[in-house]
Amino acid sequence: MAALLESFTLCGLGPSGGVGLGGGLLALEPGPDPDHVLLTDRGRTATLFKVSDQKPLGCWSVKHGQIITCPVVCSCETGEYIAVHDDKVLRIWKSKDINLDKVFKATLSADVYRIHSLPNEGPVVLFKGGGVRTLDALLEAPQQEIENIISDEVVKWSEAFMEGQQPVLIFATEKDGDFFVYVQKLKMNSLHKYKLEQEELSKPLIFTAYIKNQIITLLCLYSNDSVYKVLIPLQQNTEEEEQILSKSLLLNLSVSGSVLKATSFVVLDKDHIAVLGSLAASGEESKECLTIWNTKFQTLQTSKELPLGTSGQLWCYEEKFFFTHGKVLTVIMYKCETSSLAAAVGKLKDSQTPDVSSFVNWNTLGDEVVSFQSQQSAALKSESKMTLRSKKNAVGEVQPDTLTVGQLLLNLKDASTTVSEDELRQLMSKAEMPDFQATIGCVITALINRCKTNPKYYPQNFLLQTVQIRDLSY
């Protein structure tokens with residue numbers, strides 16, 4: 001089950017006291033701790049925000065006439081900030097620095113596409129020609145020659161991960177309608193090139209990826225409003241220069257015949273993705289919305305309409321979505337629970353909603369069983385309270401054919417497996433009794449709870465019989 005929770009405004013955008021000069025956001029990156037985010041505008045400025053307080057902690061700008069050309073990042077290793085302006089000029093500073101014109105500066109020999117910050121490692125720099133360097137290697141010789149790997153291809157997207165102790169960089173390129181994927185393992189100086197399998201009449205628009213168990217899962221949003229999955233193993237034994245990557249359909253972005261025109265998407269976990277886009281039913285005006293989809297069961301889990309419009313960008317960090325809504329940067333918290341069929345079709349009970357297990361609290365059993373069996377409430381109330389007061393003596397004197405569910409559960413609390421099954425067989429012979437299915441459900445819940453706390457207790461025969469005769473309510 002996935003749900004959108006409360007939302008709030010992180011900051012305003014544009015010239016009215018917000019971030020930047022109205023050109024919009026270039027990127028949002030993690031800050032030095034989980035409650036901080038680093039915003040880069042499409043101009044000259046980077047701003048550090050504390051999310052919980054909606055408060056700026058620092059703001060840095062390059063000089064007039066200079067433009068920040070890729071997202072500013074914070075080094076996980078040193079806590080320093082790294083920016084590139086005018087494609088080749090590298091700046092590095094600390095939180096206490098104010099004037100960027102006085103911080104470290106280095107001019108590189110090639111245009112930078114993006115810098116990626118990695119946990120427990122120094123940042124990694126990807127150049128527009130496909131060359132890759134660690135920041136440390138660049139700082140040793142800023143004017144070193146950077147190889148041009150991709151020739152006339154254009155880099156469209158990149159991401160970096162840690163797989164164990166190994167930094168891995170993946171980037172996608174395009175040339176004349178063909179799309180290629182490169183995987184670089186930095187410490188092994190290993191580079192693999194792949195070609196994406198072509199899709200007739202559609203092409204990939206947006207990429208995202210994650211890595212697990214030595215396999216990169218690349219997700220591609222295509223122009224036919226579908227998301228495809230591509231698996232790329234990190235362990236490659238072949239020397240083949242260019243392998244073809246096959247893809248499989250993961251999700252069609254349609255709701256009751258209406259197509260969601262996605263502008264961006266992010267992976268939440270192995271079974272959920274979030275998609276930002278516009279939804280238009282036939283003959284109706286399109287509406288921008290934020291959606292969460294279950295990819296395992298192909299279902300839309302939740303959606304929120306965004307009437308003030310967005311920039312089409314979506315970021316996800318620390319179980320929070322960040323996106324522009326009108327003239328502000330909005331934050332929406334979310335939750336994703338274990339994927340199940342009941343959750344996918346919206347039938348999973350909310351975790352705050354009491355369920356049948358609340359009726360088998362052994363310490364307050366009398367009152368709870370009374371609530372459960374509403375049709376016999378008056379009689380059961382006095383009987384079950386008496387049972388609790390007199391405990392073993394009264395329970396032992398009651399004959400099996402007069403047992404209430406409360407008395408039966410008390411008997412089962414400490415009984416051996418053999419005794420339990422004898423008692424339960426007598427209960428099963430009374431299928432005509434009122435609320436029989438409810439009683440069985442209550443008993444099964446109690447038995448399972450006891451099995452969880454005591455692995456040696458397992459009334460297997462009774463549980464099998466209950467399933468086989470189909471008297472247990474769904």
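This report describes the fold, cores and aromatic contacts of a predicted model.

## Overall composition

The protein chain contains eight helices and 29 strands. Of its 474 residues, 47% are buried. The chain exposes about 24000 Å², and carbon and sulfur atoms supply 49% of that area.

## A four-stranded sheet

An open sheet is formed by four strands in the order β2-β3-β4-β5, with antiparallel pairing. Its edge strands are β2 (25–30) and β5 (55–61), each of which pairs on one side only. On average, neighbouring strands of this sheet are turned by 20° against each other, direction ignored.

Within the sheet, strand β3 (residues 36–41) pairs with strand β4 (residues 45–50) in the antiparallel sense, over five bridges. His36 stands opposite Lys50 in β4.

## Nonpolar cores

The largest nonpolar core comprises 22 residues, and those with the most contacts inside it are Ile170, Leu196, Ile216, Leu218 and Ile232. At least two residues of this core come from each of the strands β13 (154–163), β14 (166–175), β15 (178–185), β16 (190–196), β17 (204–212), β18 (215–222) and β19 (226–233). Strand β18 gives the most to this core, with four residues.

Leaving aside neighbours within four places in sequence, Leu218 is in contact with Trp157, Ile170, Val181, Phe207, Thr208, Ala209, Tyr228, Lys229, Val230 and Ile232. Apart from this core lies another, of 17 residues, among them Leu408, Leu427, Ile444 and Tyr457.

## Aromatic pairs

A search of the whole structure finds eight aromatic pairs. One of them is the stacked pair of Phe171 and Tyr182, at 4.9 Å centre to centre and with 10° between the planes. Phe171 lies in strand β14 and Tyr182 in strand β15, so this pair ties together parts that are eleven residues apart in sequence. Both Phe171 and Tyr182 are buried.

Phe321 and Tyr334 also form a stacked aromatic pair, with 4.5 Å centre to centre and 20° between the planes. Because Phe321 belongs to strand β28 (residues 320–325) and Tyr334 to strand β29 (residues 328–336), the pair ties together parts that are 13 residues apart in sequence. Phe321 and Tyr334 are both buried. Elsewhere, ring pairs link Trp60, Tyr81 and Trp93 into a cluster.

## Tyr458 in a loop

Tyr458 is found in the loop between helices α7 (436–453) and α8 (460–468). The relative accessible area of Tyr458 is 46%, so this residue is classed as partly exposed, a class that runs between the limits of 20% for buried and 50% for exposed.

Tyr458 and Ile448 are ten residues apart in sequence, and their C-alpha atoms are 8.6 Å apart in space. When neighbours within four places in sequence are left aside, Tyr458 is in contact with Thr417, Cys451 and Leu463.

Key: Residues are numbered from 1 along each chain as its sequence is written. This is a predicted model: local features need pLDDT of at least 70, side-chain atom pairs count only at pLDDT 80 or more; totals for chains, interfaces and linings use all residues. Side-chain values use heavy atoms; hydrogens and water are left out. Two strands pair if DSSP finds at least two bridges between them. Axes are lines fitted to C-alpha atoms, for helices over the stretch in contact, and angles run from 0 to 180 degrees between N-to-C directions. A nonpolar core is a set of buried Ala, Val, Leu, Ile, Met, Phe, Trp, Tyr and Cys residues joined through side-chain atoms within 4.5 Å. Buried means under 20% relative accessible area, exposed over 50%, partly exposed in between (1.4 Å probe, protein chains only). Contact means heavy atoms within 4.5 Å. Accessible areas come from the Shrake-Rupley method with a 1.4 Å probe; for residues, only the protein chains shown count as cover. Rings of Phe, Tyr and Trp (its six-membered ring) pair if their centres lie within 6.5 Å; planes under 30 degrees apart count as stacked, over 60 as edge-to-face and the rest as tilted.
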